[in-house]
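My entries follow in the order in which I looked things up.

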Amino acid sequence: MTIASVAEMVAVAKAEITVLSMEEVLRATVEDRALLVDLREAEELIQAGRIPGAIHVPRGMLEFRADPASPWHDPRLATDRTLILFCAAAWRSALAVKTLRDMGIDDVAEMAGGFQTWAAAGYPVEKETDPQPSR
């Protein structure tokens with residue numbers, strides 16, 4: 001099957017991944033069953049803020065940070081908690097969840113709607129002045 005657009009790629013990914021509601025994400029983080037992973041670029045965090053407790057792993061480095069054999073591996077991603085990925089509007093995160101699943105990481109999900117929906121719903125957001133990526 002040939003995919004002609006990024007919108008089609010996202011739709012295919014979303015059909016194959018777990019997508020959690022904001023309420024499910026909040027509950028999982030409060031119960032310490034999940035680790036939030038912010039895939040946005042550093043500039044996006046500075047401009048819009050961040051979700052408290054989320055770690056920042058830019059989308060372009062995710063596979064390298066997730067792979068234990070990579071020299072850029074981030075041990076925080078090797079957890080028994082569910083990895084819940086998000087970006088601004090839940091497009092990059094859909095592709096990223098599918099990619100991690102393809103890499104054999106099964107306990108991974110996407111946050112529905114992304115950061116924009118989280119912030120618009122009034123969930124906690126803190127200002128970011130200097131995001132610290134995973135390395």
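**Entry 1: terms and source.** I took two strands as paired if DSSP finds at least two bridges between them, and I used helices (H or I, at least four residues) and strands (E, at least two) as DSSP runs numbered from the N terminus. This is a predicted model, in which local features need pLDDT of at least 70 and side-chain atom pairs count only at pLDDT 80 or more, while totals for chains, interfaces and linings use all residues. Residues are numbered from 1 along each chain as its sequence is written, and side-chain values use heavy atoms, with hydrogens and water left out.

Entry 2: I looked up the strand order and found an open sheet of five strands, 1-5-4-2-3, with parallel pairing. Strand 1 (19-20) and strand 3 (55-56) are at the edges and have a single partner strand each, so one side of each is left without a neighbour in the sheet.

I then followed the pairings of strand 5. Strand 4 (residues 82-86) runs parallel to strand 5 (residues 108-111) and is joined to it by three bridges; within this pairing Leu83 stands opposite Val108, and Leu85 has Glu110 as its bridge partner. Strand 1 also runs parallel to strand 5, through two bridges, and here Leu20 stands opposite Met111.

**Entry 3: cover on strand 5.** For burial I used relative accessible area, with buried meaning under 20%, exposed over 50%, and partly exposed in between (1.4 Å probe, protein chains only). In a regular strand the side chains alternate between the two faces of the sheet. Strand 5 is covered on both faces, with Val108 and Glu110 buried on one side and Ala109 and Met111 buried on the other.

Helix 5 (residues 92-102) lies across strand 4 and strand 5 and runs at about 175° to strand 5. That angle is taken between N-to-C directions on a scale from 0 to 180 degrees, with axes as lines fitted to C-alpha atoms, for helices over the stretch in contact.

**Entry 4: Leu39 and Arg59.** Which residues does Leu39 contact, leaving aside its neighbours within four places in sequence? With contact meaning heavy atoms within 4.5 Å, I found Val57, Pro58, Arg59, Leu62, Leu85, Phe86, Cys87, Arg92, Ser93 and Ala96. Leu39 sits in the loop between strand 2 and helix 3, and Leu39 counts as buried because its relative accessible area is 0%. Its C-alpha atom is separated by 5.3 Å from that of Val57, 18 residues apart along the chain.

Arg59 is in the loop between strand 3 and helix 4 (62-66). Is Arg59 buried or exposed? Its relative accessibility is 18%, and Arg59 therefore counts as buried. Not counting residues up to four places away in sequence, Arg59 touches Leu39, Arg92, Leu95, Ala96 and Thr99.

**Entry 5: salt bridges.** I counted a salt bridge where a side-chain nitrogen of Lys or Arg is within 4 Å of a carboxyl oxygen of Asp or Glu, and the structure holds nine of them.

Arg81 pairs with Asp32, with the closest N and O atoms 2.8 Å apart. This pair links distant parts of the chain, 49 residues apart: Arg81 lies in the loop between helix 4 and strand 4, and Asp32 in the loop between helix 2 (22-30) and strand 2 (34-38). Arg81 counts as partly exposed at 23% relative accessibility.

Arg92 pairs with Glu44, with the closest N and O atoms 2.9 Å apart. Here too the pair links distant parts of the chain, Arg92 in helix 5 and Glu44 in helix 3 (residues 42-48), 48 residues apart. Arg92 is partly exposed, at 27% relative accessibility.

The side chains of Lys98 and Asp102 also meet in a salt bridge, at 3.1 Å from N to O. These two are four residues apart in helix 5, so about one helical turn separates them. Lys98 is partly exposed, with a relative accessible area of 23%, whereas Asp102 is exposed at 58%. Salt bridges with shared partners join Glu16, Lys98 and Asp102 into one network.
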